[in-house]
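Hi,

Here is the model I said I would pass on. Have a look at it first, and my notes come after.

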Amino acid sequence: MSYLDNTTITVDAVLTKMGRQRFSEGNFNVTKFALADDEIDYGLYNVTHPSGSDYYAIAIENLPLLEAIPDDSKTMKFKLITLPKGTAQIPVISTGVSTINMYGSYNGRPGQTVVVAPSTVNGLNNTLGYTAQLDSYAYLTLAVKEAAPGYVPPARSIDDDPIRYKVGKSFTLTAKALPQSLWTTGWSTSLVIHGNETGGAIVMTINVYKDVKTSNEF
Amino acid sequence: MADTVFTIFGADDQVVATPSRITNALWSNGVGILTTFTTSLAFPTGALTDNDRYYVDVYASDPATEQVEFSLAYGHVSGAGADSSDLDYPTKAIYGQYKNFLLDNANGQFILDTTAATVSMSQFFAISIKRANLKQKLDPGNWALHLSGSIQIGSLHLIDNSADGYDYNAGATARSYKVVSGSITGGQVGTAIYGLVYPDYGIILLDPSTFSSSISMSLNTGTTWVAGANKNNLWTMFTAISASEYFAARSEERISSTHYFVRVKNQQYNYSTNPTFYSASDGTIIQPAFYDDPQTFLTTVGLYNDTNELLAVAKLSQPVTKGFDKEALIKVRLDF
């Protein structure tokens, strides 16, 4: 007979950039948690392991993990979700494209506007919509095109950061003018779209150029 | 918000822990004992700049690349140790500055001893530890400074007497202890008092009149300062510290923590949005064994506010397996 394992896993948390901002505002209030499996490759789950079923997940379970990073846009990418037992298909968020090329305003010509309308295969996200998060807003603006019907902005809303975060069913991106130093190379950032009901996320690359890219515009 | 992704903490899931006392090596780069000391000044022969009349910064090594460890200043109640032609009265100004800063009565005096008769400090060397090193305070009872005025005479080993648990300045603005001779491990030796330490300010005041003769330190208590004549008190004290090659100290801070108990029940979080978990085309779970018995491997805990902003994140050291027959309890500690 051996002792039962009564240990509790204890981990140290770090504040994210958003957490520091809210803390500095005196508005730091943790109310809920979510879980993620960033770094896990489920392809390592090996049902043919010669040692049997206890070892199917051994390659995953023995993986040493990296430290937490404070950038809230680059962590908690792949959330764990609660679905009924027997579920065979996971809700999948899609926008149809992974890269958007846009032209900025130049010499009187307005910057290009693009609508991003995510959808979710296998349901959900129709009520609470999606959260769109720009990594950088230097040469882009982000706006809600269609509101999510079930999303009620709280007193302190995610929209407090009106440039980087938006919650809705679809969104509008508008390119701004690029400085001359970027006329040749263009400028890139990423747009992460989270499903507010499913937890999934997709990452899109947004490129802004000085000139019209007729061949690969979104 | 639907509970597909988030779980709201219950009232019993958040616990504010008693603040814990954390001590660390005081000096830059985690060094606990300074054995080398440099300054950018060319004492005693170099010309004094404006700031040189008041204080010098002391470094562990090259001032061009290292950060300041502490500053050294000399104060005198009547302005001695500075040139009388200097109408800024730098040493008198220093004395008044520390008096104003540390004493409740700005017109009072630094009292070294009251056991027999009141002994006050009319002059002092002030060691002010750089705040970045200090964190919240100097750890009283765990610093030691050696002074060497002359190799033949030997050195004086200074500590504080906080071990007796008595705050000589209780109730005043600044907590203080006496500076005495001894060692950190062996405690106080003798009864002589050499100055005052204010741990909450990271300031040590040393009265040179109490030790200059014992370590053969030559002080300038006149009203002239002659370049090259070894009459600069800051240089004299700097050489006494650097010759000793020993200044040990620890910082102290109180860390407040909140513990969040993340309780993951058997029915929760058994599916993943990880792209290796399902087919991107239609969302079908890739691993057939997961159809009836899904397993996930949680690596990261995110703490959110009510608007889904990720405020803090914690990583596990290894993945934790989750399934319909497994539960997990994770305690997330967040320090402030």
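This is a predicted model: local features need pLDDT of at least 70, side-chain atom pairs count only at pLDDT 80 or more; totals for chains, interfaces and linings use all residues.

Residues are numbered from 1 along each chain as its sequence is written, chains are lettered from A and ligands numbered from 1 in the order in which they are written, and side-chain values use heavy atoms, with hydrogens and water left out.

**Between the chains**

Chain A puts 71 residues into the contact and chain B 72 (contact means heavy atoms within 4.5 Å). About 6800 Å² is buried between them, 62% of it from carbon and sulfur atoms; buried area here is the accessible area (1.4 Å probe) that two parts lose on being put together, summed over both. On the chain B side, Tyr271(B), Thr273(B) and Leu311(B) supply 11% of what that chain buries against chain A, more than any other three residues.

The polar side of things: 44 residue pairs are in polar contact across the interface, both residues at pLDDT 80 or more (a pair of N or O atoms within 3.5 Å; within protein, one must be able to donate a hydrogen and the other to accept it, and residues adjacent in sequence count only if both atoms are side-chain atoms). β22 (310-323) of chain B is the biggest giver to the side that touches chain A, with twelve residues.

There are three salt bridges between the chains (a side-chain nitrogen of Lys or Arg within 4 Å of a carboxyl oxygen of Asp or Glu). Arg22(A) and Glu309(B) meet in a salt bridge, at 2.7 Å from N to O.

Strands are DSSP runs of E, at least two residues, numbered from the N terminus, and two of them pair if DSSP finds at least two bridges between them.

**A sheet in chain A**

Chain A also has an open, antiparallel sheet of three strands in the order β6-β11-β9. β6 (113-116) and β9 (140-146) are at its edges with a single partner strand each, so one side of each has no neighbour in the sheet. β6(A) pairs with β11(A) (residues 170-175) over four bridges, and there Val114(A) stands opposite Leu173(A).

Cheers
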